[in-house]
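This report describes selected features of one protein model. The reader is asked to keep the sequence and the structure in view while reading.

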Amino acid sequence: MKTILLSIIGPLAVLTASAQTQPVVAPPAIATGPAPTGLPALPATVVQPSLPKNFVTVSYPTGLSVVPVHAGANLQAALNMARCGQNLVLDAGATWSGNFNVPAQPVQCTANNPILLNTSAMASLPGGNADTTQQIQQSQSALTATISSPNRNQALGFCQIPTCTAVPAYWYFAGISFTTSNVGTAAQPNYNIVAISVGATAMSEEASHIVFDRVIVTGNGMTVRGFYADASGFALINSQVTGMIDTSQDTQAVLACDSTGPFLIQGNYLEASGENIMFGGCGTGLLPPSDITVRRNYLHKQPSWYRQFFNGLLLDIKNNFECKDCVRVLVDSNIADYSVAQGQGNMLSNNSFTPWQDVDITYTNNLIMHAAGGPYVASNNQTVTSKTARIMFRNNIFLDVNTSWGGGLPSAPDCFVISGGQPKGGGMADITFDHNTCMNAVTPPGTENINESYWNGQANIAIVRGLTITNNIGYGAVAVDGHAQGESLALLPATGIYLNNIHVGDTWNKGISQTPIYPPGDHVFQPISTATPAGGTHACNVQPMQDSCQPLNWAKVGFVDYAGGSAGTNLPGLALASTSKYHLAGTDGADIGANVAAVLAAVAGVQGPEREFVERPLWRGLEPLRPER
């Protein structure tokens, strides 16, 4: 009996899958929903994003007819002759050099009758011939079969309409390495290592139901991307993509531009100097990437890339994840790091332009470290509010957001940035930041710079409705470009909710004519309060500032272990102690900040190249995250 390798399922299956218990240490099976946050539900008045409604489900196909493809055999001929229900088994350790193309079959394959192309050493790889939850490692590359491009073009492509009269469907690749022997340069980089569909104007033109399981994709010199992943159903699981770097353009481990999906990216180690994962930014807007699930990946940029020159040029370093054209996205339980300001510097970016859109995007339970800036939401030159709407960041930890990773004063490590929206009369709606812990400005206590911002917006921003910023921890003031802190608060949307946020180090300076006034009790903001800080100090909102005004510092927040937590050596220490005045002080009765235990449970077992994340120190200046090439 052949098992189903990939299918698209609807909302009923979501209810079934989301009710299952999430394991804490072992990576979970392919799942559709987010890990539990352990937080109370948001108020009904907060408009939340819709989660993906279509999903890629994966199981390793069995019971197929075996067709050996030995070293030296004609691989293109084998691809051309492949039929539904066959398993093409390539010799482990063998290499096929060329620009290979996956054709359509005379009769289109189905979920119950796919084509599998794998290595003869599949049984020796993590998970063997059945398990789809264990990541392949670089040290196991000798167990794979290799498909290598001899030039700048892709090692593997897929037949696409109108070049072909039909498209490939239901192909499953496992235990294969994809690379190029060509050394790319800044002037002549390698392009896509694997390209499924490019530039389609209808979903019927694209290959469908394509799965890559435990594959290794490696660049060589300047290499633009691992996967150009436009497909009607794409899954990349338990794989590694490394070496996607360039000095003159954005690179990606995975990029999709024109496809309504669905997409599943889970359990991978993905490396790129540009965006590790990017959706949109290159399409027509006719087929916005949709129903995207990104879970339990390690999105890494090598720290040695920062300020490292290649032939006199710096690498172009961008975000760990970016949406330029996205509909219904879940980014959950991932680890990401080193998004430095050497091109951009915001770890998570939502940056939509006409004719694209960013709607219904959820970020939960992510641990993101060592960056020049926090999440970024922009609505640039949009004409209608509905094009940037329902974007939520909830229960995330942002660690070591610091000017040490680029920018420098007066550019500051903002925890959250909202930008743009006014020029063409559009804007954005229903943007939510709730229960996040942002350890920005974690320089030695006493050396923080007061200009560093907790929230930064542009003066021309147009949030038409639904700005919710609640229960967060971060360093600095609310800042709207060109305005003092008090003015900035006054510029928040009148319908916005800005409650119970901890502002470390914030003096909240206020001129005579500026409103609102100082928030109550150690910088937890309530918009109508006239209370002064706890401890009997003068309010910090008077001019001139009183000498005895003492802004809240990190030590006063009441973390279990501030030193160990902020250094990344004891992440559970970022939780609030029961003695903290912010314990159970959120608008919902929970601790202010992230539910640290839930975030760490969600990312437990997420793997980098050779060792689990939990076994490695995270702070720069200690052991590197991985051996650098």
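In this predicted model, strand S28 (335-339), strand S31 (367-371) and strand S34 (397-401) are included in what covers the buried residues of helix H5. The residues of H5 that are buried are Val596, Ala598, Val599, Leu600, Ala602 and Val603. Because six of the eight residues of H5 (residues 596-603) are buried, the helix is largely enclosed by the rest of the structure. Gly605 follows H5 and has a positive phi, near 85°.

Ser333 lies in the loop between strand S27 (326-332) and S28, and Asn395 lies in the loop between strand S33 (388-394) and S34. Neither residue is a glycine; phi is near 65° for Ser333 and near 60° for Asn395. Are these residues buried or exposed? Ser333 has a relative accessible area of 0%, so it is buried. Asn395 likewise counts as buried because its relative accessibility is 0%.

The table gives two of them.

| Cis peptide bond | Omega | Loop that holds the proline |
|---|---|---|
| Gly261 to Pro262 | about 5° | between strand S18 (252-256) and strand S19 (263-266) |
| Thr354 to Pro355 | near 15° | between strand S29 (348-353) and strand S30 (358-364) |

Which residues have the most contacts inside the largest nonpolar core? This core has 82 residues, and those with the most contacts inside it are Phe158, Phe173, Phe178, Phe212, Phe227, Phe234 and Phe321. Strand S10 (residues 169-174) gives the most to this core, with four residues. Apart from it lies another core, of 27 residues, which includes Tyr298, Met439, Ile473 and Leu576. Leaving aside neighbours within four places in sequence, Phe212 is in contact with several residues, among them Leu156, Phe158, Phe173, Val194, Ile196, Ala235 and Ser239.

Finally, the confidence of the prediction deserves attention. The mean pLDDT of the protein is 80, and 75% of its residues reach 70 or more. Over residues 442-452, however, the pLDDT is below 50; beyond near neighbours in sequence, this stretch has 25 contacts in the model. The pLDDT is also below 50 over residues 509-550, a stretch with 97 contacts in the model beyond near neighbours in sequence. Where pLDDT is low, the predicted coordinates should not be read in detail.

How values were computed: Residues are numbered from 1 along each chain as its sequence is written. This is a predicted model: local features need pLDDT of at least 70, side-chain atom pairs count only at pLDDT 80 or more; totals for chains, interfaces and linings use all residues. Side-chain values use heavy atoms; hydrogens and water are left out. Buried means under 20% relative accessible area, exposed over 50%, partly exposed in between (1.4 Å probe, protein chains only). Helices (H or I, at least four residues) and strands (E, at least two) are DSSP runs, numbered from the N terminus. Contact means heavy atoms within 4.5 Å. pLDDT is the predictor's confidence in each residue, from 0 to 100. A nonpolar core is a set of buried Ala, Val, Leu, Ile, Met, Phe, Trp, Tyr and Cys residues joined through side-chain atoms within 4.5 Å.
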